[in-house]
Each structure stands twice: as C-alpha cells, then as structure tokens.
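Dear colleague,

Please find below the structure that I am handing over to you.

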Amino acid sequence: MNTSANLLSNLMACLNQGDIDVVDLTHTLGPATPMIKVPEGHGKQPPQTSLETISDYREDGGYARWSTLTTAEHSGTHFDTPSHWFTGKDLEAATTDTIAVKRFVAPACVIDCAKDVSEDEDFILTAERLESWEGEHGRIPAGSWVLLHSGWAGRFKDADKFLNQIDGVAHSPGPDPDAVRLMIARDACGYGTETIGTDHGNANQFDPVFPAHNLMHGANKFGMSSLNNLNKLPPTGAVILTAPLKIVDGSGSPLRVLAFVPNAA
Ligand code: MN
C-alpha cells in the first residue's frame with residue numbers, strides 16, 4: 001500500500017478503536033430551533049423550521065414516512081458562505097454549490113472564553129485575547145477555523161435566553177473588527193460561534209458594523225453559528241468537517257458539523 005492508502009486505513013483503525021472520537025457540534029433542527037429576528041427594513045422574518053407529513057406508515061398499505069421540511073438557509077447550526085454578505089458578492093466559488101469541497105475539512109482552534117462570557121454577556125473577543133491564546137497554544141495555522149467557546153450552547157433550549165434581546169439589542173458575545181482582522185491575517189478559513197450569528201449581539205457599535213460578516217466574507221472566509229459541544233474540543237488538534245447542503249446559489253445552509261478529536265485517554 002502507498003502512504004496515502006495507509007493513512008486512510010490508519011484513520012479508520014483509530015476511529016474503530018476509539019483513538020479518535022467523532023464529536024457532533026450540531027444542535028437538533030426542528031420547530032423549537034431558535035431563529036434570528038431580521039431587523040426592521042432588512043427583509044422578511046424567516047420561518048420557524050417545520051415538518052409537514054407527505055406520507056406516513058398505514059395499516060392499509062402505506063410503506064413510507066417522509067415530510068416536507070420548511071427552513072431558512074441560516075437556521076439552527078448553519079454555515080455562512082462568503083456570498084452571504086455584500087462584501088463577498090463578487091467572489092468566485094463563494095456559494096454553497098461552488099465552494100471547493102476541500103475547504104470543508106479543516107483544523108479547529110478553540111478559544112475558551114466561557115468563564116468571561118458567564119460574567120459578561122456582552123463579552124468582546126479582541127485581537128489581544130487571540131494573541132494571548134496564541135502565546136499559549138501557538139500561532140493560528142493558515143486554513144484553520146477559529147471557534148469561540150462561550151458556553152452559549154447551554155441556552156439553546158430557551159429561545160429567549162439564546163437570542164437575549166433586551167429593548168431591541170441582543171446581548172451576546174462576539175469579535176471586534178481587530179479580532180476579525182487578525183483571523184484574516186492568519187488566513188483562518190472561518191470563524192464559528194455558539195451564538196445565533198457570528199457577530200456580537202451589538203455589532204452595530206463597531207466600524208465596520210457586523211465585522212464578522214463584513215470583513216470575513218469580504219476576505220472569502222466562512223462563518224458558522226449555533227455550534228454545540230465546543231467544550232468537548234481541545235484548544236488545538238481537532239479536525240472538523242463542515243459540508244453545507246449543495247443549494248443552488250446558496251448563501252448558507254443548515255449542516256451537520258462533525259469534529260474528529262484525538263482521544264487523550
Ligand atoms: Mn448565518
């Protein structure tokens with residue numbers, strides 16, 4: 001066998017023996033999935049995800065059970081393509097159906113800010129914080145996801161707490177423009193978060209507004225939101241699989257995010 005064939009058989013052996021765990025970074029998608037509220041003047045309100053029966057098993061000869069799924073591209077645990085934002089609209093191969101599939105397999109750098117966020121819902125991820133993480137774990141490698149572990153996934157079952165809107169402003173953590181610029185300077189493949197969107201709840205305070213969308217997508221980088229189980233990932237060393245549905249000209253898609261995690265035990 002050549003080296004690459006050995007690599008794959010070794011990978012399967014590691015998976016079968018439990019030397020590598022497969023961790024699900026996805027929340028369930030259904031009627032209870034919290035949906036983002038679109039601000040006044042920025043379009044329609046997206047639907048809650050729903051399922052309507054097409055057919056069900058029947059004693060008189062119904063064999064099959066299936067449903068119509070109604071959802072939005074940016075529902076639940078989902079992927080943002082560069083084409084999602086106006087800054088990425090002219091990029092090549094930047095929609096769900098055109099992105100090179102190789103880009104859907106990448107290592108993950110996990111920035112643990114759960115304690116900070118438990119003390120401050122409006123926590124801002126700064127470039128300094130990323131640099132201090134790098135001081136401990138090494139430089140963010142090119143092509144990596146940067147994932148903010150905030151503990152926000154624990155709120156998913158309560159949509160009000162998950163959105164955390166008070167007087168029209170969402171209180172939830174996210175990066176400032178310089179943190180986003182640092183991720184781009186490192187050539188990260190994307191930024192992922194446990195909150196409903198990649199940007200800080202009050203990302204209108206920044207210049208540019210919504211930097212995790214504006215700057216990241218303009219630089220042909222991805223986003224992921226409503227991630228789960230980030231507490232099960234090491235700071236470095238996991239590889240994640242993030243393939244969105246191949247929707248024609250899609251700006252994003254719900255997806256199943258899987259992490260391959262070396263078992264330390
Ligand atoms: Mn989105």
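How do the residues of the lining of the largest pocket divide into nonpolar, polar and charged? There are 14 nonpolar, 19 polar and five charged residues; here Ala, Val, Leu, Ile, Met, Phe, Trp, Tyr, Cys and Pro count as nonpolar, Asp, Glu, Lys and Arg as charged, and the others, Gly among them, as polar.

Please note that this is a predicted model, in which local features need pLDDT of at least 70 and side-chain atom pairs count only at pLDDT 80 or more, while totals for chains, interfaces and linings use all residues. Residues are numbered from 1 along each chain as its sequence is written, and side-chain values use heavy atoms, with hydrogens and water left out.

The pocket

The volume of the largest pocket is about 940 Å³. A pocket is an open set of points on a 1 Å grid over the protein atoms alone, where a 1.4 Å probe fits, with protein on both sides within 12 Å along at least five of seven lines; lining residues have an atom within 4 Å of a point. The volume is the space filled by probe spheres set on the points, which are joined across faces, edges and corners. Of the 38 lining residues, Ile 36, Lys 37, Val 38, Pro 39 and Phe 210 lie nearest the centre of the pocket. Strands β4 (78–80) and β9 (169–170) each supply at least two residues of the lining; strands (E, at least two residues) and helices (H or I, at least four) are DSSP runs, numbered from the N terminus.

The manganese site

The manganese ion is coordinated by His 74 through ND1, His 78 through NE2 and Asp 80 through OD, at 2.2 to 2.3 Å. Donors are N, O and S atoms within 2.8 Å of the metal (3.2 Å for Na, K and Ca), and sites may look incomplete because water is not among the atoms. The spacing of the donor residues in sequence is H-x3-H-x1-D. Both His 78 and Asp 80 are buried, that is, under 20% relative accessible area, where exposed is over 50% and partly exposed lies in between (1.4 Å probe, protein chains only).

The sheet

Nine strands form an open sheet with mixed pairing, in the order β1-β15-β13-β5-β7-β11-β12-β4-β14; two strands pair if DSSP finds at least two bridges between them. At its edges are β1 (20–24) and β14 (252–254), each of which pairs on one side only.

Strand β13 (residues 238–241) has a covered face with Ala 238 and Ile 240, and an uncovered face with Val 239 and Leu 241. Four bridges join β13 to the antiparallel strand β5 (residues 105–112), and Val 239 is the bridge partner of Pro 107. With β15 (residues 258–262), β13 pairs in the antiparallel sense over three bridges, and Leu 241 stands opposite Leu 258. By contrast, β7 (residues 145–149) and β11 (residues 190–193) run parallel and are joined by four bridges.

Backbone points in the loops

A cis peptide bond with omega of about 0° joins Asp 207 and Pro 208. Pro 208 lies in the loop between β11 and α6 (211–218).

Ala 93, in the loop between β4 and β5, has a positive phi of about 50° although it is not a glycine. Ala 93 is partly exposed, at 38% relative accessible area. Asp 167 also has a positive phi, near 55°, and is located in the loop between β8 (165–166) and β9. Asp 167 counts as exposed, at 80% relative accessibility.

With kind regards
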